[in-house]
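Hi,

Here is the structure I said I'd pass on. Have a look at it first, and my notes on what turned up follow below.

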Amino acid sequence: MATKRNFLKEFFKDRKMVGAVSPSTRFLGEKMLENIDFDKAKGLVELGPGTGVFTDIIIARMRDDAKLLVFELNDEFHAALKARINDPRVQIIHDSAENIAKYLPEEEQTAQDAVISSLPLMVFPSDLRQSVVDAAYACIKPKGKYVQFQYSLQSKKFLESIFSSVKITFTIRNFPPAFVYTCLKK
Ligand SMILES: C[S@@+](CC[C@H](N)C(=O)[O-])C[C@H]1O[C@@H](n2cnc3c(N)ncnc32)[C@H](O)[C@@H]1O
(Lines give C-alpha, C1' and ligand atoms only; values in the text may rest on other atoms or scores of the structure.)
Protein backbone atom coordinates (compact mmCIF):
# COMPACT_ATOMS: atom_id res chain seq x y z
CA MET A 1 0.00 0.00 0.00
CA ALA A 2 2.86 2.37 0.91
CA THR A 3 4.39 1.58 -2.49
CA LYS A 4 1.16 2.54 -4.26
CA ARG A 5 0.88 5.78 -2.25
CA ASN A 6 4.50 6.70 -3.03
CA PHE A 7 3.93 6.00 -6.69
CA LEU A 8 0.90 8.32 -6.79
CA LYS A 9 2.90 11.01 -4.96
CA GLU A 10 5.67 10.80 -7.57
CA PHE A 11 3.05 10.94 -10.34
CA PHE A 12 1.68 14.23 -8.97
CA LYS A 13 5.22 15.63 -8.67
CA ASP A 14 6.02 14.90 -12.31
CA ARG A 15 3.21 13.41 -14.41
CA LYS A 16 5.16 13.38 -17.66
CA MET A 17 8.11 11.53 -16.19
CA VAL A 18 6.17 8.95 -14.15
CA GLY A 19 3.35 8.47 -16.68
CA ALA A 20 1.17 6.17 -14.52
CA VAL A 21 -0.83 6.49 -11.30
CA SER A 22 0.15 3.16 -9.80
CA PRO A 23 2.76 0.43 -10.24
CA SER A 24 2.06 -2.22 -12.86
CA THR A 25 0.77 -5.63 -11.86
CA ARG A 26 2.94 -8.70 -11.64
CA PHE A 27 0.73 -10.14 -14.36
CA LEU A 28 1.79 -7.39 -16.80
CA GLY A 29 5.39 -8.09 -15.77
CA GLU A 30 4.99 -11.79 -16.65
CA LYS A 31 3.53 -10.79 -20.02
CA MET A 32 6.37 -8.34 -20.72
CA LEU A 33 8.96 -11.00 -20.00
CA GLU A 34 7.38 -14.11 -21.55
CA ASN A 35 9.30 -13.84 -24.85
CA ILE A 36 12.73 -13.34 -23.36
CA ASP A 37 14.92 -16.41 -23.23
CA PHE A 38 16.37 -16.06 -19.74
CA ASP A 39 18.28 -19.34 -20.09
CA LYS A 40 20.43 -17.68 -22.76
CA ALA A 41 20.32 -13.93 -22.05
CA LYS A 42 23.53 -12.48 -20.59
CA GLY A 43 22.96 -8.76 -21.18
CA LEU A 44 19.71 -7.12 -20.08
CA VAL A 45 18.67 -3.48 -19.75
CA GLU A 46 15.58 -2.15 -17.97
CA LEU A 47 14.32 1.39 -18.57
CA GLY A 48 11.99 3.08 -16.07
CA PRO A 49 11.65 0.44 -13.31
CA GLY A 50 9.68 2.65 -10.90
CA THR A 51 9.20 0.59 -7.74
CA GLY A 52 10.75 -2.45 -9.41
CA VAL A 53 7.79 -4.75 -10.16
CA PHE A 54 9.46 -6.01 -13.34
CA THR A 55 12.98 -5.74 -11.93
CA ASP A 56 12.18 -8.34 -9.27
CA ILE A 57 10.90 -10.82 -11.84
CA ILE A 58 13.94 -10.26 -14.08
CA ILE A 59 16.32 -10.81 -11.14
CA ALA A 60 14.55 -14.03 -10.18
CA ARG A 61 14.88 -15.36 -13.73
CA MET A 62 18.28 -14.16 -14.91
CA ARG A 63 21.33 -16.39 -15.16
CA ASP A 64 24.04 -16.26 -12.51
CA ASP A 65 26.45 -14.81 -15.07
CA ALA A 66 24.00 -12.32 -16.64
CA LYS A 67 24.12 -8.55 -16.10
CA LEU A 68 21.19 -6.18 -15.70
CA LEU A 69 21.50 -2.40 -16.10
CA VAL A 70 18.52 -0.50 -14.69
CA PHE A 71 17.93 3.18 -15.60
CA GLU A 72 15.68 5.24 -13.31
CA LEU A 73 15.63 9.03 -13.52
CA ASN A 74 13.25 9.72 -10.63
CA ASP A 75 15.20 10.49 -7.41
CA GLU A 76 12.85 8.67 -5.00
CA PHE A 77 12.40 5.54 -7.09
CA HIS A 78 16.12 5.36 -7.74
CA ALA A 79 17.02 5.71 -4.04
CA ALA A 80 14.43 3.12 -2.99
CA LEU A 81 15.68 0.59 -5.55
CA LYS A 82 19.31 1.17 -4.53
CA ALA A 83 18.39 0.59 -0.89
CA ARG A 84 16.37 -2.54 -1.61
CA ILE A 85 18.28 -4.37 -4.34
CA ASN A 86 21.69 -5.70 -3.49
CA ASP A 87 22.67 -8.11 -6.22
CA PRO A 88 26.13 -8.08 -7.83
CA ARG A 89 24.56 -8.80 -11.23
CA VAL A 90 22.49 -5.61 -11.12
CA GLN A 91 23.57 -1.98 -11.61
CA ILE A 92 20.96 0.63 -10.71
CA ILE A 93 21.71 3.83 -12.57
CA HIS A 94 20.40 7.31 -11.81
CA ASP A 95 20.44 8.66 -15.34
CA SER A 96 18.21 9.05 -18.35
CA ALA A 97 17.54 6.08 -20.58
CA GLU A 98 19.10 7.66 -23.65
CA ASN A 99 22.54 7.33 -22.02
CA ILE A 100 22.69 3.50 -22.07
CA ALA A 101 25.95 3.35 -24.05
CA LYS A 102 27.79 5.37 -21.39
CA TYR A 103 27.39 2.50 -18.91
CA LEU A 104 28.36 -0.42 -21.13
CA PRO A 105 31.94 -1.49 -21.84
CA GLU A 106 32.77 -1.06 -25.53
CA GLU A 107 32.48 -4.76 -26.38
CA GLU A 108 28.95 -4.90 -24.86
CA GLN A 109 27.59 -1.73 -26.49
CA THR A 110 25.84 -3.63 -29.29
CA ALA A 111 25.48 -7.01 -27.56
CA GLN A 112 22.45 -6.74 -25.26
CA ASP A 113 19.90 -9.56 -25.47
CA ALA A 114 16.90 -7.46 -24.50
CA VAL A 115 15.76 -4.02 -23.39
CA ILE A 116 12.64 -3.95 -21.21
CA SER A 117 11.04 -0.53 -21.16
CA SER A 118 8.19 0.98 -19.15
CA LEU A 119 8.95 4.53 -20.25
CA PRO A 120 5.90 6.68 -20.99
CA LEU A 121 7.11 7.11 -24.58
CA MET A 122 4.11 8.93 -25.98
CA VAL A 123 4.15 11.67 -23.33
CA PHE A 124 7.84 12.34 -23.99
CA PRO A 125 8.82 15.22 -26.30
CA SER A 126 9.46 13.66 -29.73
CA ASP A 127 13.23 14.27 -29.68
CA LEU A 128 13.59 12.48 -26.31
CA ARG A 129 11.36 9.61 -27.50
CA GLN A 130 13.52 9.21 -30.60
CA SER A 131 16.85 9.37 -28.77
CA VAL A 132 15.77 6.89 -26.07
CA VAL A 133 14.56 4.30 -28.55
CA ASP A 134 17.59 4.89 -30.82
CA ALA A 135 19.86 4.25 -27.82
CA ALA A 136 17.94 1.08 -26.96
CA TYR A 137 18.06 -0.12 -30.57
CA ALA A 138 21.79 0.53 -30.80
CA CYS A 139 22.63 -1.57 -27.72
CA ILE A 140 20.58 -4.62 -28.76
CA LYS A 141 22.32 -7.44 -30.60
CA PRO A 142 20.93 -8.77 -33.93
CA LYS A 143 17.76 -10.83 -33.19
CA GLY A 144 17.57 -9.19 -29.74
CA LYS A 145 14.33 -7.77 -28.37
CA TYR A 146 12.91 -4.47 -27.20
CA VAL A 147 9.82 -4.96 -25.04
CA GLN A 148 7.69 -1.95 -24.19
CA PHE A 149 4.29 -1.53 -22.57
CA GLN A 150 1.96 1.36 -23.29
CA TYR A 151 -1.66 2.17 -22.52
CA SER A 152 -2.54 2.77 -26.18
CA LEU A 153 -1.66 1.71 -29.71
CA GLN A 154 -0.18 5.13 -30.43
CA SER A 155 3.40 3.80 -30.41
CA LYS A 156 2.80 1.23 -33.16
CA LYS A 157 3.89 3.28 -36.19
CA PHE A 158 6.81 4.80 -34.31
CA LEU A 159 8.21 1.42 -33.18
CA GLU A 160 7.58 -0.13 -36.61
CA SER A 161 9.69 2.64 -38.15
CA ILE A 162 12.67 1.44 -36.08
CA PHE A 163 12.36 -2.34 -35.56
CA SER A 164 12.05 -5.04 -38.21
CA SER A 165 8.98 -6.56 -36.57
CA VAL A 166 6.57 -5.44 -33.85
CA LYS A 167 4.09 -7.83 -32.22
CA ILE A 168 1.41 -6.45 -29.94
CA THR A 169 -0.55 -8.23 -27.22
CA PHE A 170 -3.05 -6.78 -24.76
CA THR A 171 -3.96 -7.46 -21.15
CA ILE A 172 -6.80 -6.21 -19.00
CA ARG A 173 -5.03 -7.55 -15.90
CA ASN A 174 -3.39 -4.22 -15.18
CA PHE A 175 -4.64 -0.78 -14.24
CA PRO A 176 -5.00 0.75 -16.77
CA PRO A 177 -5.13 -2.23 -19.18
CA ALA A 178 -1.97 -2.29 -21.29
CA PHE A 179 -0.55 -3.17 -24.69
CA VAL A 180 2.76 -5.04 -24.75
CA TYR A 181 4.93 -4.33 -27.81
CA THR A 182 7.58 -6.98 -28.50
CA CYS A 183 9.97 -5.61 -31.09
CA LEU A 184 12.69 -7.52 -32.88
CA LYS A 185 15.96 -6.14 -34.19
CA LYS A 186 17.03 -7.65 -37.52
C1 LIG B 1 4.98 4.21 -16.23
S2 LIG B 1 6.26 4.23 -14.98
C3 LIG B 1 6.58 2.49 -14.91
C4 LIG B 1 7.17 2.01 -13.61
C5 LIG B 1 7.28 0.49 -13.43
N6 LIG B 1 8.11 -0.14 -14.42
C7 LIG B 1 5.92 -0.16 -13.47
O8 LIG B 1 5.55 -0.67 -14.54
O9 LIG B 1 5.23 -0.14 -12.43
C10 LIG B 1 7.62 4.94 -15.89
C11 LIG B 1 8.95 5.04 -15.15
O12 LIG B 1 9.93 5.58 -16.05
C13 LIG B 1 10.77 6.48 -15.32
N14 LIG B 1 11.37 7.42 -16.29
C15 LIG B 1 10.77 8.42 -16.98
N16 LIG B 1 11.61 9.02 -17.83
C17 LIG B 1 12.80 8.35 -17.71
C18 LIG B 1 14.06 8.47 -18.36
N19 LIG B 1 14.26 9.40 -19.31
N20 LIG B 1 15.04 7.62 -18.01
C21 LIG B 1 14.85 6.66 -17.08
N22 LIG B 1 13.67 6.51 -16.41
C23 LIG B 1 12.66 7.34 -16.72
C24 LIG B 1 9.79 7.13 -14.34
O25 LIG B 1 10.45 7.77 -13.28
C26 LIG B 1 8.95 5.93 -13.93
O27 LIG B 1 9.55 5.24 -12.87
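You'll find it in strand E5, residues 140–150. Helices (H or I, at least four residues) and strands (E, at least two) are DSSP runs, numbered from the N terminus.

Two housekeeping points before the rest. Bear in mind that this is a predicted model: local features need pLDDT of at least 70 and side-chain atom pairs count only at pLDDT 80 or more, while totals for chains, interfaces and linings use all residues. Residue numbers start from 1 along each chain as its sequence is written.

Now the sheet. Seven strands make up an open sheet with mixed pairing, in the order E3-E2-E1-E4-E5-E7-E6. Strands count as paired if DSSP finds at least two bridges between them. At the edges sit E3 (90–93) and E6, each of which pairs on one side only. From one strand to the next, the twist averages 15°. E5 and E7 run antiparallel and are joined by six bridges; Gln 150, for one, has Phe 179 in E7 as its bridge partner.

H4 packs on this sheet, where it touches E1, E2, E3 and E4, and its direction makes about 170° with that of E1. (Axes are lines fitted to C-alpha atoms, for helices over the stretch in contact, and angles run from 0 to 180 degrees between N-to-C directions; a contact is two C-beta atoms, placed from the backbone, within 7 Å.) Which residues of H4 are buried? They are Phe 54, Thr 55 and Ile 58. Looking down the axis of H4, these fall within an arc of 100°, so they line one face of the helix. The arc is that of the directions from the helix axis to the C-beta atoms. The buried residues of H4 pack against H3, E1, E2 (67–71), H5 (75–84) and E4.

H3 has its own buried set: Leu 28, Gly 29, Lys 31 and Met 32. They are on the same side of H3 because they cover an arc of only 165° around the axis. Their packing partners are H4, E4 (112–117), E5, E6 and E7.

A couple of loops are worth a look too. Ala 41, between H3 (26–33) and E1 (43–47), counts as buried because it has 20 C-beta neighbours inside 10 Å. Beyond its neighbours within four places in sequence, Ala 41 contacts Ile 36, Met 62, Ala 66, Asp 113 and Ala 114. Pro 176 is in the loop between E6 (165–171) and E7 (178–184), and the peptide bond to it from Phe 175 is cis, with omega near -10°.

Last, the ligand. It is surrounded by 22 residues, the closest being Ser 24, Gly 48, Gly 50, Asn 74 and Ser 118. (Near here means a C-beta atom, placed from the backbone, within 6 Å.) H2 (15–18) and H4 (53–61) are the elements that give two or more residues to this shell.

Cheers

Technical notes:
A residue is buried if 20 or more other C-beta atoms lie within 10 Å of its own, exposed if 12 or fewer, and partly exposed in between; C-beta atoms are placed from the backbone.
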